[in-house]
Amino acid sequence: MVIRTIYVTRHAFRVSYTLNSTTGEYHTNSPSPTNIPSDPPLAAYGVEQSYELAEALVKLNPAIDYVYSSPFYRCLQTVEPAIKKLGPDIKVRADNGIGEWYGVASFDHPSPASLAILKSLFPSSLDETYRASIVPPRSGETIAQLHDRVANALTHIITSADAESGTKEIAVLICTHAATLIAIGRTLTGCMPYDPNEDDFVAPNAGITKFVRKTVAEPSLLEVSKQGSRVGPEAIDWKDGTGVAGGWTCVLNGNCDHLAGGAERTWSVFDALLPLL
């Protein structure tokens, strides 16, 4: 069978960091467990949100079968409480293809921690056998390149999970970042606004967005999923309402009913660009 439902969440409220856009140096007053300044943990408030999110995720129908996450610490930390509640058979698959978006810059942006380091930090919840679909360039991406990278990553994730699903219809959870979440919504539905800063898919901390599959694309259109991790996306036709892997309908957009503080930090693509401007 195949994936019929995709849930997407953005990481919970994180510790702040700053960027010197001239030197490319990141700084935070709260040390990261990965020792990467641009890879902060959740703030105490964000930890509370992660537990509230977990309570909501375990009640979803259809239930979650697979979990994919950006490899940055704040995302893995966000889904950790849910992983513990979903049961021992579910591990989180860290994929750079759904990782943070950094705009084009004259310096190299930081990469997330290695799989070995992440495994030491999340020993019981991380799937160390999973390999990322695609690795973004360290020099950053344009908005168009972000969307194409996400389209490639989703194609890999969806078709690989389809192949693993056996005889059942399944649901997956993706934990990511604000701009990447917006790109996920656009590439799944095939709806790319003329103005990329348009408020279409909202990305609050620890919200829940839900997509339901329209049709299943022919396998011949999804050969890209058979490749290993690579740098740089390949061409995938997802615009003009096509959507990746048969197309998807958004039936829930950034819902935060499960959070005591409601929707917060509903950033746009433009907000993600501000540190580089």
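**View 1. Ile6 and the residues it touches in this predicted model.** Leaving aside residues up to four places away in sequence, Ile6 touches Ile158, Val172, Ile174 and Leu188, and also Thr209, Lys210, Phe211 and Trp248.

**View 2. The largest nonpolar core, with 34 residues.** Ile6 turns up again here: together with Tyr68, Ile158, Leu188 and Trp248, Ile6 touches the most other members. H4 supplies the largest share, 9 residues.

**View 3. Another core, apart from the largest one.** This core has 31 residues, including Ile64, Leu76, Cys175 and Ile208.

**View 4. Helix H1, residues 44-57, end to end.** H1 has 14 residues and reaches 20 Å from its first C-alpha to its last, close to the 20 Å you'd expect at 1.5 Å a residue.

**View 5. The two faces of H1.** Which residues of H1 are buried? They are Gly46, Gln49, Ser50, Leu53, Ala54, Ala56 and Leu57. These sit on the same side of H1 because they cover an arc of only 160° around the axis. An α-helix has 3.6 residues a turn, so residues three or four places apart point the same way. On the face turned away from the buried side, H1 carries the exposed residues Ala44 and Tyr51.

**View 6. What the buried residues of H1 pack against.** Their partners are S1, helix H2 (73-86), S6 and strand S7 (208-213).

How values were computed: Residues numbered from 1 in each chain as written. Predicted model: local features only at pLDDT ≥ 70, side-chain atom pairs only at ≥ 80, totals over all residues. Heavy atoms only, no water. Core = buried A, V, L, I, M, F, W, Y, C linked by side-chain atoms within 4.5 Å. Buried < 20%, exposed > 50% of the residue type's maximum accessible area, 1.4 Å probe, protein only. Helix = DSSP H or I, 4+ residues; strand = E, 2+ residues; numbered from the N terminus. Contact = heavy atoms within 4.5 Å. Expected span 1.5 Å × (residues − 1). Arc of directions from axis to C-beta.
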